[in-house]
Amino acid sequence: MDSSSEFSDRKQPKFHLAPPARIFHWVNVISLFLMLTSGLRIYNANPVFGGRGGYDFPLLITLGGWLAGARHWHFAAMWFFSLNLLWYGVYVLVSQRWKHRYVGSNDIKALQMSKNSKRRIYAWHRIVYTSIIPILLLALLTGIGMYKPAQFPWIVDFFGGWFPLRVVHLMTVPAVLIFVIAHSLLALKAGGDRLVNSMFWNQ
């Protein structure tokens, strides 16, 4: 390697996410993929959305093969996803990472007053990172309501019945996908490929 390439490597920032953060991202990606593909199969089987004259997603991008199989995959992945959120939430509180990862009054001020583009990107990143929390909690709450409606009838009643409950649950899917895109684009702007890769690999 010549001296110029060594110099460029030294100038590149290094990002070191803690191992729990990388584990959290890996489990999230896998469990969300399983829930999304199995959820599309469940969607197809629903007589209102798919089924009778509705739009069916191609079987190639669905998981489970049939309704019962898709439900098994969906709820199994839900447990991994839920427990992953739970332990990571405890880790964030104990390690006090919430002070650096989630939106604060300084971020709002930065968007209003700061002319530093990097600072504004970090502010937007924290806002987006914070916004996903209520979306994920809403997805879990509505999912539990559909999974065990007899045990949790108050969840079904809170959303006004079974149909609106399912609609709200389905709407969390595009919300999560929008978050993933925004989160990735902001990470690229803030730190390039190395920051994005550091979410999964030690950089």
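In this predicted model, residues 24 or more positions apart account for 63% of the contacts in the protein chain that have a separation of 6 or more. Of its 203 residues, 34% count as buried, while the accessible surface comes to about 12700 Å², of which 70% belongs to carbon and sulfur atoms.

**Aromatic pairs**

- A search of the whole structure finds seven aromatic pairs, one of which joins Y43 and F57 in an edge-to-face arrangement, with 5.3 Å centre to centre and 65 degrees between the planes.
- This pair links distant parts of the chain, since Y43 belongs to helix α2 (residues 19-45) and F57 to the loop between α2 and α3 (67-95), 14 residues apart.
- F57 has a relative accessible area of 25% and is therefore partly exposed.
- F158 and F159 also form an edge-to-face aromatic pair, with 5.1 Å centre to centre and 85 degrees between the planes.
- F158 is exposed, because its relative accessible area is 62% and the cut-off for exposed is over 50%, whereas F159, at a relative accessible area of 16%, is buried.

**Ring cluster**

- Ring pairs link F24, W87, Y88 and Y91 into a cluster.

**Charge over a ring**

- K148 lies over the face of Y147, at a distance of 5.0 Å from the ring centre.

Note on methods. Residues numbered from 1 in each chain as written. Predicted model: local features only at pLDDT ≥ 70, side-chain atom pairs only at ≥ 80, totals over all residues. Heavy atoms only, no water. Phe/Tyr/Trp six-rings, centres within 6.5 Å; stacked < 30°, edge-to-face > 60°. Helix = DSSP H or I, 4+ residues; strand = E, 2+ residues; numbered from the N terminus. Buried < 20%, exposed > 50% of the residue type's maximum accessible area, 1.4 Å probe, protein only. Lys NZ or Arg CZ within 6 Å of the ring centre and 35° of its normal. Contact = heavy atoms within 4.5 Å. Areas by Shrake-Rupley, 256 points an atom, 1.4 Å probe, with all protein chains shown as cover.
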